[in-house]
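Trainee: Please take a close look at one part of this model for me. I would like the local detail, then its setting in the whole chain.

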Amino acid sequence: MPRYEYRCRPCDSTFELNRPMAESSAPAVCPEGHEDTVKLLSAVAVGGSASAPAPKGGGGGGGCCGGGCCG
């Protein structure tokens, strides 16, 4: 189930809720009981590693047009 982050306007705290995607925009009550909250936009990291080493031997494959034309 997706996790969404919200911010409470009265107490300026942030909190997370697990809820179905269909309910992501539904009103959320903060842990302190305030109802004036807003859903925050979250960046999502998907797989891979930012520190992965570059391929050896000129990269091979891909490139701008399947490799070979960009010399």
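Mentor: Start with the overall content. This is a predicted model. The protein has zero helices and three strands. Along the sequence, the pattern reads β-β-β.

Now the part to look at: the hairpin formed by β1 and β2. Strand β1 covers residues 3-8, and strand β2 covers residues 14-18. The two run antiparallel, joined by five bridges.

Next, the turn. Five residues lie between β1 and β2. D12 sits in this loop. Its backbone deserves a check: phi of D12 is near 55°, a positive value in a residue other than glycine. Most residues other than glycine have a negative phi. What is the relative accessibility of D12? The value is 54%. D12 therefore counts as exposed, since the cut-off is over 50%.

Then step back to the whole protein. Buried residues make up 13% of its 71 residues. The accessible surface comes to about 5,600 Å². Carbon and sulfur atoms account for 53% of that surface. Last, the contacts. Take those between residues at least 6 apart in sequence: 27% of them join residues at least 24 apart.

To return to the hairpin: β1 and β2 are antiparallel, and D12, with its positive phi, lies in the turn.

Methods:
Residues are numbered from 1 along each chain as its sequence is written. This is a predicted model: local features need pLDDT of at least 70, side-chain atom pairs count only at pLDDT 80 or more; totals for chains, interfaces and linings use all residues. Side-chain values use heavy atoms; hydrogens and water are left out. Two strands pair if DSSP finds at least two bridges between them. Helices (H or I, at least four residues) and strands (E, at least two) are DSSP runs, numbered from the N terminus. Buried means under 20% relative accessible area, exposed over 50%, partly exposed in between (1.4 Å probe, protein chains only). Contact means heavy atoms within 4.5 Å. Accessible areas come from the Shrake-Rupley method with a 1.4 Å probe; for residues, only the protein chains shown count as cover.
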